[in-house]
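User: I would like to learn how to read a model of this kind, one feature at a time. Could you take me through it, giving the general idea before each case?

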Amino acid sequence: MARYLRLYAAFLRFSFSRAFEFRFDFYFRVAMDVIFYAVSLGFFHVLYRHTSNLGGWTEAQAYIFVSGFLMVDAIHMTFFSNNQWWLPIFINRGDLDYHLTRPVSSLFMLSLREFAANSFLNLVLAAGLMAWAIGRYPEPLGAGRIALFATLLVAGAVLRYLVRMCFIIPVFWLHSNNGLNEINWSLDELSDRPHQIFYGATRLALLTVLPFGVIVSVPAHALFGAAPWTSALHVAAVVVGYFVVVVAWWQMGLRAYSSASS
Amino acid sequence: MIRAMRQHLIRPRLFWQVLSVETRKLMAYRFDFWATTVVSFAVNLGIAYALWRAIFDASGQEEIGGFDFVAMMRYYVTVLIVRRLVRVHERQRGLSADIYEGTLTRYRLYPTPYLPMKYAEHLGGLLPAVVQVVVLIAAVLLVAPGDVVARALAALTPGALVMGLGAIAVANLLSYLLIVPIQGIAFWADNVWALDTMMRFLASFFGGILVPLALFPDAARAVVQWLPFAYLYDLPVRAVTGQLGWSEWALGMLAGSGWCVALALIGSWVWHRGDRIYTGVGI
């Protein structure tokens, strides 16, 4: 464990020094995320001009939900996004060889080696936005519930990474995942809406096998709903289930992998 | 003068050849080609359906911002189809990739201007998009209830069709010209994908993909009309759905074309400046 922490500290150092070398990219990414945050808030602001309730949530609750998915997005962009962008390229180019020979888990190494320092600033902004949304909430939410919500959002970000891996791992067999990538990005939009607006089989799927509703909406439900621990157990069960599937599938992928580099 | 103008023009035959090569290239990746569009269309429409069903049910209103529920769904079907025809490539990074990878050098040797050639490639994505749009429309007509289809078809008069096609043509050109200056920043910056993504966010919101512009507050709508994004999606959708008179359409076309001219000048200036500092190795 200590070795993995030391390794991660080294990843952080490299990532920060690289981010400051490419300053334009640093500023562009900050600006991009600020625009994304403004558009997301603006979208819900326009909707609530025409209704006082969406999926059972008031405008104040919806803003906390929005700040939740911005937080999950910022965590994903900071810790996982760059790594998941490069992963299919590494597999196709045969660059995986360098990581398979190292005495650490290849999945750990390839998922976390690049820390996006430029997105880290956006993580701070998203946290500020969440503090604002919680601060303007008209009723007291309670420190315990807020802490649970924050914890479940971190779990939601991990789940988002795991779901995304399910669309990347097939590259071991397909050699191109452009189509799957696009499908994943399209489906990911489902996590930006409250799961209560969906009904029947769609809602069931969003809370289980295609868990886009579990990433942010269920954690927000834990904050506002009557049974927060049921929601917490729900998130934990889906995260653990997906983790087991992804690790097993990754191992299968490695067995199917044949280097292209030598 | 004529010689100077010729330097910026591409021969029609070459333009057509580049366009057809790009079309065939896109059609070659069939799974990506269909999966991307069909899933994106279905997911976006499904979200819009669930979202607006919830809003209409919660508010108890029959009409919101001039739309009843059926009109709202017709709006989203139309805007998603128009988006496919306007932004033919989902991620348009060809220009900056040519700068980063040095392939721009090759084009500098060709006896034809670079940006019009790239526009031919951009248009090459249009024919596959039209094929997809025809299939999507057929699917919607099969799935939607008969009275809804009848209402949609009643609005699609020959005049609306002509106005819609004209507005889509201007929007397609505008979509290309919007990315040219942004991609040109690649001459100075190490990565411009964030700028391209930022532009997509702005176009989605201020163009009316996420929510119709008619639902914006009046003050916001007054500002949005001055931005180019409204001419990408909102104008073509209103034209196709029969919400525009000829004079309003003509004014919109004038404003959209004005943006095209302004962006062409800005793009040309950026590329001219960038070209001076460009260094590439090999061809």
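**Confidence, contacts and burial**

Analyst: Chain B averages a pLDDT of 87, and 93% of its residues score at least 70, where pLDDT is the predictor's confidence in each residue, from 0 to 100. This is a predicted model, in which local features need pLDDT of at least 70 and side-chain atom pairs count only at pLDDT 80 or more, while totals for chains, interfaces and linings use all residues. Residues are numbered from 1 along each chain as its sequence is written, and chains are lettered from A in the order in which they are written.

User: Where in chain B is confidence lowest, and where is it highest?

Analyst: Where pLDDT is low, the predicted coordinates should not be read in detail. In chain B the lowest mean, 57, belongs to helix H1 (residues 2–6), and the highest, 95, to helix H13 (residues 234–240); helices here are DSSP runs of H or I with at least four residues, numbered from the N terminus. For the complex, the predictor gives an ipTM of 0.88 and a pTM of 0.88.

User: How many residues of chain A are in contact with chain B?

Analyst: Two residues are in contact if their C-beta atoms, placed from the backbone, lie within 7 Å. By that rule, 31 residues of chain A are in contact with 32 residues of chain B. On the chain A side, helix H2 (23–47) and helix H9 (178–188) each supply at least two residues, and H2(A) gives the most, with 13.

User: Is His272(B) buried or exposed?

Analyst: A residue is buried if 20 or more other C-beta atoms lie within 10 Å of its own, exposed if 12 or fewer, and partly exposed in between. His272(B), which sits in helix H14 (residues 246–277) of chain B, is exposed because it has 10 other C-beta atoms within 10 Å.

User: Why is helix H12 of chain A described as largely enclosed?

Analyst: Of the 8 residues of helix H12 (residues 217–224) of chain A, 7 are buried, so the helix is largely enclosed by the rest of the structure. Among the buried residues of H12(A) are Pro219(A) and His221(A), and their cover includes H3, helix H7 (143–168), helix H11 (212–215) and helix H13 (228–256) of chain A.

User: Which residues touch the most other members of the largest nonpolar core?

Analyst: In soluble globular proteins, nonpolar side chains tend to be buried together. A nonpolar core is a set of buried Ala, Val, Leu, Ile, Met, Phe, Trp, Tyr and Cys residues joined through C-beta atoms within 7 Å; in the largest one, of 131 residues, they are Leu159(A) and Leu174(B).
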